[in-house]
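Me: I am about to look at a structure that is new to me. May I put some questions about it to you?

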Amino acid sequence: TFEVHIGSLQADAPGTGVVLFFRDLTSARRLEAMRADFVANASHELRTPLASLLGFIETLQGPARDDPKARERFLDIMKGQAERMRRLIDDLLSLSRIEMRAHLSPTQTVDLASIAAQMVETLSPLAQERGVTIQARLPDRPTPVRGDRDELLRVAENLIENAVKYGESGGRVEVEVARIGASDGDQGPHVAFSVQDYGPGIAPEHLPRLTERFYRADVAQSRDKGGTGLGLAIVKHIVTRHRGRFSIESEPGKGARFTVTLPGAEAGRPADPM
Ligand code: ADP
């Protein structure tokens, strides 16, 4: 669908004629529909734990009023629901902050390997709790990229946390940072950050949609594991702002591999010898 505006050039101008302005309404409408969809999804996601909270409050005010055991149990559940709402709101705020900065190029230079190392350390208690071993393969030499430290920590956090959450319990997660040389059409060296797990993996029909907001391959499983469905959308937004690439590969039953490739901070200059 196009919207057409007709205007005329000034009569005294040479080469007088009619000008047609075309505006592509299809994409404008699509954008509007996406925004409305997003608000509907976000409201629904918040409403579910809220409904459950209200239900428990009523029960506590009524039937469970004099049952201390039930009260304890219900309060635990309510705390879980409130935490879920908080995670959701935090993720929604992160997404909107990243979107507001989408047009700004990051200016800091940060070492991707040290970001990976920091996040592996931060998440090792969670991994231990779930019986998962995280193996880090990090280069000896710095791997500078132009980026925002907090945002890249967030990328590492979301990917490693997912691998621990969805990977096999008792299994292992491999985190790797490596310098890679310039490839077709790219200028200068790149740095790749990848996270591999050996869990159930992801069926091919889900792969292209995983970075959409609130898209989950398995809704019940994601909720069960405390997921908001926004983690990979956040990763994708951050990587895009960093002019990087994000890829997901998976062989169902054998695990999944998530890779972020960012231009090295010395992009444009010849690659250093490895
Ligand atoms: P969530 O908060 O649900 O984890 P994400 O955006 O982080 O949301 O991930 C989207 C979906 O991708 C998840 O719900 C899950 O179905 C799938 N997923 C993400 N990481 C993995 C993984 N390592 N293994 C299998 N499935 C995964």
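Me: Where is phenylalanine 214 placed, and is this residue buried or exposed?
Reply: In this predicted model, phenylalanine 214 belongs to the loop between β7 (190-197) and α5 (219-224). Its relative accessibility is 9%, and a residue under 20% is classed as buried. Phenylalanine 214 is therefore buried.

Me: What is the phi of phenylalanine 214?
Reply: Most residues other than glycine have a negative phi. Phenylalanine 214 is not a glycine, yet its phi is positive. The value is about 70 degrees.

Me: Where does arginine 243 lie, and is it buried or exposed?
Reply: Arginine 243 is found in the loop between α6 and β8 (245-251). Phi is positive in this residue too, near 55 degrees, although arginine 243 is not a glycine. The relative accessible area of arginine 243 is 61%, and the class above 50% is exposed, so arginine 243 is exposed.

Me: Which side chain is joined to that of glutamine 196 by a polar contact?
Reply: Glutamine 196 is placed in strand β7. With a relative accessible area of 13%, glutamine 196 is buried. A polar contact of 3.1 Å links its side chain to that of arginine 257.

Me: How many residues surround the ligand, and how do they divide by type?
Reply: The ligand is surrounded by 20 residues, and the closest are Tyr166, Asp197, Ser222, Thr228 and Leu232. By type, the shell holds nine nonpolar, seven polar and four charged residues.

Me: Which element gives the most to the shell around the ligand?
Reply: At least two residues of the shell come from each of α4 (149-166) and α6 (231-241). The element that gives the most, with four residues, is α4.

Key: Residues numbered from 1 in each chain as written. Predicted model: local features only at pLDDT ≥ 70, side-chain atom pairs only at ≥ 80, totals over all residues. Heavy atoms only, no water. Near = heavy atom within 4 Å. Nonpolar A, V, L, I, M, F, W, Y, C, P; charged D, E, K, R; others polar. Buried < 20%, exposed > 50% of the residue type's maximum accessible area, 1.4 Å probe, protein only. Polar contact = N/O pair within 3.5 Å; in protein donor to acceptor, adjacent residues only side chain to side chain.
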